[in-house]
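Okay everyone, thanks for coming. Let me put this one up on the screen, and then I'll walk you through the ligand surroundings.

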Amino acid sequence: MPADNPMSAAKVELGRHLFHDVRLSANGAMSCATCHDQARAFTDGQAVSRGVAGEAGTRSAMSLANVAYLPVLTWQNPQLTSLEVQALIPLFGEHPVEMGLAGREQQLFAMFKADPTYRRLFAQAFPAEAGQGEGGPYALSTLTKALASFQRSLMSFDSPYDRYRYGGQKDAISAAAKRGEELFFGEKLECYHCHGGFNFTDNLKHARTPFPEIGFHNTGLYNEDGRGAYPKASPGIVEFTGEPRDAGRFRTPSLRNVAVTAPYMHDGSIATLHEVLRTHYARAGRAVHAGLAANPLRSEFIAGFEISEAEIADVVAFLESLTDERFLRDPAHQNPWRNDARPTASTHPASIRPVP
Ligand code: HEC
Ligand code: HEC
């Protein structure tokens with residue numbers, strides 16, 4: 001939690017309303033939840049997401065479970081460290097256009113001011129700002145603080161595996177999942193080197209750790225020319241660091257709830273968990289360009305392995321035991337507009353019109 005944005009129940013509640021509100025988009029039809037759907041652990045089931053203008057991006061929407069513990073955000077930007085800042089990208093970004101609100105800030109604040117639900121929620125969440133100046137509590141800073149607070153409340157710690165591993169419930173997962181756990185944490189598959197810790201990623205920021213852990217790796221997903229070159233759309237963090245050796249390196253995603261977040265990888269290019277193992281990791285990186293030399297930029301932990309279909313089934317059973325059903329249905333995270341003053345055409349400011 002940043003010092004200037006302590007959590008409060010009122011901020012989380014305001015953030016929940018904002019997160020699910022389609023009026024936060026240029027066509028009045030897209031909210032954060034359109035691409036971050038709770039039932040899919042806050043992903044969208046698409047290989048890559050499309051914004052309000054129908055323009056396809058190049059990245060797959062990411063799960064938001066336990067996002068509070070991540071030191072860096074998104075697949076490949078080592079400089080993006082704050083949820084408050086990140087929220088501005090989907091709202092106002094133009095490459096690609098996601099929610100398309102650039103230039104429409106004043107209409108947005110006018111809508112908040114005109115809506116009795118938002119008047120109440122902003123005043124409760126930001127009492128100090130509510131008394132001040134003309135704009136009152138309606139500002140980009142309060143909007144992003146509330147969205148960040150809501151996202152920090154998205155905690156997933158109640159999967160069968162959690163109950164088995166941390167809750168002492170010996171029968172919470174199947175025998176197959178237990179065999180899969182051994183493979184996952186074993187030296188043949190090496191998965192745990194990158195997908196370790198309580199969030200199954202080597203990216204962790206926590207009050208009790210002295211410094212943040214950050215992990216970007218090249219898993220050999222692409223190798224266009226045998227020298228480690230990449231499709232234009234998949235540069236990895238080299239785009240930000242300018243270091244050639246960073247080509248194809250992406251942030252290790254958490255594997256919590258991974259069974260409901262298909263398709264997989266930064267570009268959604270692998271459809272199933274079975275294929276992640278069979279056609280990607282077992283072959284030391286996906287053999288999309290068969291015949292090319294091994295990728296010299298690939299992580300040393302991606303070395304390939306022999307694995308039987310039965311063993312793959314066990315690893316998949318283990319990954320499935322990371323699904324936290326309570327999280328996927330928790331009413332605290334749901335769309336509040338369903339039972340509340342649902343946005344209608346009449347509360348929708350005329351200036352924020354659907355894009356034809
Ligand atoms: C059009 C679909 C779309 C919309 C709408 C959208 N997102 Fe995303 N979101 C994505 C994609 C795609 C990524 C991965 C981006 C990347 O790596 O470049 C992402 C990544 C994120 C991440 C990073 C998660 C992580 O594990 O690092 C956060 C946080 C996030 N979005 C929050 C939001 C919020 C808050 C909103 C609403 C203000 C929102 N998103 C709206 C598609 C969307
Ligand atoms: C060298 C570090 C590393 C190792 C070892 C590793 N992974 Fe990954 N894993 C990553 C990175 C980085 C990504 C994202 C790659 C991308 O999108 O290009 C990823 C992506 C995934 C995904 C897709 C998740 C999603 O949300 O799209 C799954 C599933 C996965 N890994 C499972 C495994 C399994 C199972 C193993 C062991 C066989 C393993 N990983 C070994 C780093 C690693």
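**Two ligands and their shells**

So, ligand 1 to begin with: the shell around it splits into 14 nonpolar, eight polar and four charged residues. Keep in mind that this is a predicted model. There are 26 residues around ligand 1, and C32, C35, H36, T74 and R251 come nearest.

Let's look at the polar atoms. H36 puts a polar side-chain atom 2.9 Å from a nitrogen of ligand 1. Q86 has a side-chain N or O atom 3.4 Å from a nitrogen of that ligand. At T74, a polar backbone atom sits 2.7 Å from a ligand 1 oxygen. As for who builds this shell, helix 2 (32-35), helix 3 (83-86), helix 4 (88-92) and helix 8 (140-152) each put in at least two residues.

Okay, over to ligand 2. Which residues are the closest here? They're C191, C194, H195, H266 and Y281, out of 26 that surround ligand 2. That shell has 18 nonpolar, six polar and two charged residues. H195 brings a side-chain N or O atom 2.9 Å from a nitrogen of ligand 2. On the oxygen side, a polar backbone atom of H266 is 2.6 Å from one ligand 2 oxygen, and M265 has a backbone N or O atom 2.7 Å from an oxygen of the ligand.

Helix 11 (191-194), strand 2 (250-251) and helix 13 (273-281) each give at least two residues to the ligand 2 shell, with helix 13 giving the most, four.

Residues 10-96 come out as 26% helix and 0% strand, with the end C-alpha atoms 32 Å apart.

Technical notes:
Residues are numbered from 1 along each chain as its sequence is written. Chains are lettered from A and ligands numbered from 1 in the order in which they are written. This is a predicted model: local features need pLDDT of at least 70, side-chain atom pairs count only at pLDDT 80 or more; totals for chains, interfaces and linings use all residues. Side-chain values use heavy atoms; hydrogens and water are left out. A residue is near a molecule or strand if one of its heavy atoms lies within 4 Å of it. A polar contact is a pair of N or O atoms within 3.5 Å; within protein, one must be able to donate a hydrogen and the other to accept it, and residues adjacent in sequence count only if both atoms are side-chain atoms. Ala, Val, Leu, Ile, Met, Phe, Trp, Tyr, Cys and Pro count as nonpolar, Asp, Glu, Lys and Arg as charged, and the others, Gly among them, as polar.
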